[in-house]
Amino acid sequence: MPGSQNRSRARDRNNVLNRPEFLSLNQPPRREQAAGEGRGAGGPRRPVFRQQSQQEDAGGRGTRESSERGEAADGGPKEASRWPEQDCIQLNPSFRGIAISSLLAIDISLSKRLGMCVGTHSPGAPLRSMVTLLALTGHALPWICGTLICIWRSSTLAGQEVLVNLLLALILDLMTVAGMQKLVKRKGPWDLPPGFLDYVAMDMYSFPAAHASRAVMVCKFLLNHLVLAVPLRILLYLWALLVGVSRVLLGKHHLSDVSCGFALGFLHFNLVESVWLDSATCQTLISIGTLRWSPLV
């Protein structure tokens, strides 16, 4: 026995793996030990807990989806199915929106500052009557009535042709501007109530300016079909400009309304020139208007 023990000790002493620097090779790694301990002691509990939590989450989702489907089927509230992006507010507007808002703010501010003849206590109150008379020269009622009287008093075919086309241009301008104002429904810078003459001419809103459109259209029409001296031509241009400015001074329109009115009047003039009625057609219209059309007799 002592001999066998001595031999085993000598064998262990001669074994290379029993040296201190190689002892770590004979020991299992700590991760494997920890895993073995976990499997031996409380290992099965963690997977079971995870499986239970996953099952509970799946069950919760199923109940929520079934409840939402039930509400949708019953016609209940559908706000739960909305995306969260639909309820957020856009705090970063586009450059185009900022530019348009800035231009509108400048337009309103300048129009209010230029409204010097709005009230009796305004800085331009002494000029209010003269500015009102100037604006009245661009009203639809004097021009339509004056054109009808001139057609009735005219005795030449060329004059009647020009006057009938002018009457049609005035009616076209009146209806187009009234329709656009009814569609846009923009209030003036001072939000003044329309007067009686405004109701007659259907000029109840601000955009576009009816007086400015009519003044430019009449100015271009007269300059194109009447032979006038240079001073009179300059006075016609100045009259059309002052009619538009007078509406801003009275607080009825913005600057942008008058600018768009000028452009619209020029467009109406070009449209009437493109569909110009000849003398025979004008005589037929005059006969129908005066009840002297031969088929009716």
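Trainee: Which helices each supply at least two residues of the nonpolar patch?

Mentor: Helix H6 (128-136) and helix H9 (196-200) do. Keep in mind that this is a predicted model. The patch covers about 570 Å² and is made by Leu133, Leu136, Leu141, Phe196, Leu197 and Val200. H9 gives the largest share, 3 residues.

Trainee: Why is valine 200 called partly exposed?

Mentor: Its relative accessibility is 41%. Buried means under 20% and exposed means over 50%. Valine 200 falls in between, so it counts as partly exposed. Valine 200 has its place in helix H9.

Trainee: Which residues of H12 are buried?

Mentor: They are Asp257, Val258, Gly261, Leu264, Gly265, His268, Phe269 and Val272.

Trainee: How do you know that the buried residues line one face of H12?

Mentor: Look down the helix axis. The buried residues fall within an arc of 145°, so they line one face. On the other side of H12, Ala263, Leu267 and Ser274 are exposed.

Trainee: What do the buried residues of H12 pack against?

Mentor: Three helices: H8 (157-184), H10 (210-225) and H11 (230-249).

Trainee: Take glutamine 181, in helix H8. Why is glutamine 181 called buried?

Mentor: Glutamine 181 has 1% relative accessibility. The cut-off is under 20%, so glutamine 181 counts as buried. Leaving out residues up to four places away in sequence, glutamine 181 touches Met202, Asp203, Met204, Tyr205, Phe207, Pro208 and Ala210.

Trainee: How many salt bridges does a search of the whole structure find?

Mentor: The search finds 5.

Trainee: What makes arginine 186 and aspartate 107 a salt bridge?

Mentor: Their side chains meet at 3.3 Å, N to O. The limit is within 4 Å, so the pair qualifies.

Trainee: Why can we say that this pair ties parts of the chain together?

Mentor: Arginine 186 lies in the loop between H8 and H9, and aspartate 107 in helix H5 (residues 95-114). These parts are 79 residues apart in sequence, so the pair ties them together. Both residues are buried.

Trainee: What makes arginine 214 and aspartate 173 a salt bridge?

Mentor: The closest N and O atoms are 3.8 Å apart. That is within 4 Å, so the pair counts. The bridge links distant parts of the chain, with arginine 214 in helix H10 and aspartate 173 in helix H8, 41 residues apart. Arginine 214 and aspartate 173 are buried.

Trainee: What about aspartate 203: which residue does it form a salt bridge with?

Mentor: Arginine 247, with the closest N and O atoms 3.5 Å apart. Aspartate 203 is in the loop between H9 and H10, and arginine 247 is in helix H11, 44 residues apart.

Trainee: Why are aspartate 203 and arginine 247 called buried?

Mentor: Aspartate 203 has 5% relative accessibility. Arginine 247 has a relative accessible area of 6%. The cut-off is under 20%, so aspartate 203 and arginine 247 are buried.

Trainee: Which residues do salt bridges with shared partners join into one network?

Mentor: Asp107, Arg186 and Asp257. Asp257 is also among the buried residues of H12.

How values were computed:
Residues are numbered from 1 along each chain as its sequence is written. This is a predicted model: local features need pLDDT of at least 70, side-chain atom pairs count only at pLDDT 80 or more; totals for chains, interfaces and linings use all residues. Side-chain values use heavy atoms; hydrogens and water are left out. Patches are made of residues with over 30% relative accessible area and no salt bridge: like charges are joined within 9 Å, nonpolar side chains (Val, Leu, Ile, Met, Phe, Trp, Tyr) within 5 Å. Accessible areas come from the Shrake-Rupley method with a 1.4 Å probe; for residues, only the protein chains shown count as cover. Helices (H or I, at least four residues) and strands (E, at least two) are DSSP runs, numbered from the N terminus. Buried means under 20% relative accessible area, exposed over 50%, partly exposed in between (1.4 Å probe, protein chains only). The arc is that of the directions from the helix axis to the C-beta atoms. Contact means heavy atoms within 4.5 Å.
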